[in-house]
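Here are my notes for you, written as numbered points. Keep the model open while you read and look up each residue as we get to it.

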Amino acid sequence: MSKPLEGIKIIDFTHVQAGPACTQLLAWFGADVIKVERPGSGDVTRNQLRDIPDADALYFTMLNSNKRSLTLDTKTPEGKEVLEKLVKESDVLVENFAPGALDRMGFTWERLNELNPKLIVASVKGFSDGHHYDDLKVYENVAQCAGGAASTTGFWDGPPTVSAAALGDSNTGMHLAIGILTALIGRGQTGRGQKVAVSMQDSVINLCRVKLRDQQRLDRVGYLEEYPQYPHGEFSDVVPRGGNAGGGGQPGWVLKCKGWETDPNAYIYFTIQGHAWEPICRALGKPEWISDPNYATAQARQPHIFDIFATIEAWLADKTKYEAVDILRKFDIPCAPVLSMKEIANDPSLRASGTIVEVPHKERGSYLTVGSPIKFSGLKPEITGSPLLGEHTDEILSELGYSKDQIANLHAARSV
Ligand code: COA
């Protein structure tokens, strides 16, 4: 099966999570992704949170599959020369260094564009260019706080809360991948590369758009009827934290199932979709609610939505989360069990679809990682293990035209 990005060469000058998530995605779809790493140390995640001594950490392996690794000290004259050759032969350079690092290395946009006018230069930064915080170094949770996610996540009586989902890192990487693919199509039309920049703050804001919707509704009417604060609690002038409330006009909540006292994930998410009210009443054995004026419409239900949830929890008390979902699915009710990472790791459907895959690694043995969440009819991405530090250095240098002796000299000078 041919891979659509075959023939696209990417200099992967990324580290940690945001950049590597982007280039890993492009590698799955066929791009030749060359991860450029500092000799001796490499991407810092190779060493972070190790579970096996002396073997690359899962933090690294799960973000760098399907890539090749080239060690290169781009601050030495010889290293710069190698990078220049690579730039001339590549389609895309992706980086997520701290602001100004690439310029300090001597590879400004102007210089890169001069070396290869067709090159697309793609960057992740914490804040966008010109923003009053554009000099800041940024990690995941900083972005979640600056992007509106933390102030709107959690419970109203607790502090701002960050999500476990990598809204600042991997999400930004996905935005950048879309930018790169767009620029590649653009290059097909103009013949020229361009700069593509995505900030982590902006990417979080893009996912928090419904909260910006809510801010404007709150400004206009003073309340938000789908939030738990309505109608009995107080609203201030900012969007409050809404706990587990559904954010899109369908009330919902995380509800306890059998075993919740000992199992922290014995819960389902239950959604009360407006037109599913009748099947919900039938499923719960409450047919009298169907025509009761206190329950019949979404507006009538909202003032006592938590009494309704309590009734559903009483119904759930003797059912496991899986049994409950098996009953509710017959009534076409949008719901799902709360799954632990252990359950996800062992889920046969996720293995069969290739969303969770087991891949070999030279030092670790096999490990679990994520496969493509995007499914194609004409492409089945094949996920391979991550490269060892510098595993492909000699191979890549010889592709660039370096002789065996020249490669040996580069090693001796510690430039690769
Ligand atoms: N050869 C020589 N030098 C190299 C190199 C190589 N192959 N690769 C990196 N370096 C140098 C850089 O040029 C930089 O040098 P400088 O400070 O003298 O300019 C240095 O290594 C450190 O890079 P930096 O990006 O500052 O790393 P850091 O560990 O201090 O900061 C981040 C890490 C993530 C906070 C920072 O890179 C950042 O804010 N990135 C943008 C936002 C982002 O992507 N954050 C999310 C990460 S998941």
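Predicted model: local features only at pLDDT ≥ 70, side-chain atom pairs only at ≥ 80, totals over all residues.

1. Find Lys-75: one of its polar side-chain atoms sits 2.7 Å from an oxygen atom of the ligand. So how much of the ligand does the protein bury? On its own the ligand would expose 940 Å², and 84% of that is buried by the protein.

2. The backbone joins in here too. A backbone N or O atom of Ala-98 is 2.8 Å from a ligand oxygen atom. For Phe-97, a backbone N or O atom is 3.4 Å from a ligand nitrogen atom.

3. Now look at the whole shell. There are 23 residues around the ligand, and the ones that come nearest are Lys-75, Ala-98, Arg-104, Lys-137 and Val-138. Sorted by class, the shell has eleven nonpolar, seven charged and five polar residues.

4. Next stop, Asp-169. UniProt, in an unreviewed entry, puts the feature "active site" at this residue. You'll find Asp-169 in the loop between α6 (140-146) and α7 (170-190).

5. Is Asp-169 buried or exposed? Its relative accessibility is 6%, and buried means under 20%, so Asp-169 counts as buried. Leaving out residues up to four places away in sequence, Asp-169 touches Gln-17, Ala-18, Glu-140 and Met-200. With Gln-17 there is also a side-chain to side-chain polar contact of 3.4 Å.

6. Asn-66 is another loop residue, placed between α2 (58-61) and β3 (68-71). It counts as buried because its relative accessibility is 17%. What does the side chain of Asn-66 pair up with? The side chain of Ser-65 makes a polar contact with it at 3.5 Å, and the backbone oxygen of Glu-382 lies 2.8 Å from one of its polar atoms.

7. Stay with Asn-66 and check its other neighbours. Setting aside residues up to four places away in sequence, Asn-66 touches Ala-27 and Trp-28, as well as Glu-382, Ile-383, Thr-384 and Gly-385.

8. Last one: Gly-401, in the loop between α16 (393-399) and α17 (404-412). Gly-401 counts as exposed because its relative accessibility is 57%, whereas Asp-169 counts as buried.

Note on methods: Residues numbered from 1 in each chain as written. Heavy atoms only, no water. Near = heavy atom within 4 Å. Polar contact = N/O pair within 3.5 Å; in protein donor to acceptor, adjacent residues only side chain to side chain. Areas by Shrake-Rupley, 256 points an atom, 1.4 Å probe, with all protein chains shown as cover. Nonpolar A, V, L, I, M, F, W, Y, C, P; charged D, E, K, R; others polar. UniProt positions renumbered as here; feature names shortened; annotations may be inferred. Helix = DSSP H or I, 4+ residues; strand = E, 2+ residues; numbered from the N terminus. Buried < 20%, exposed > 50% of the residue type's maximum accessible area, 1.4 Å probe, protein only. Contact = heavy atoms within 4.5 Å.
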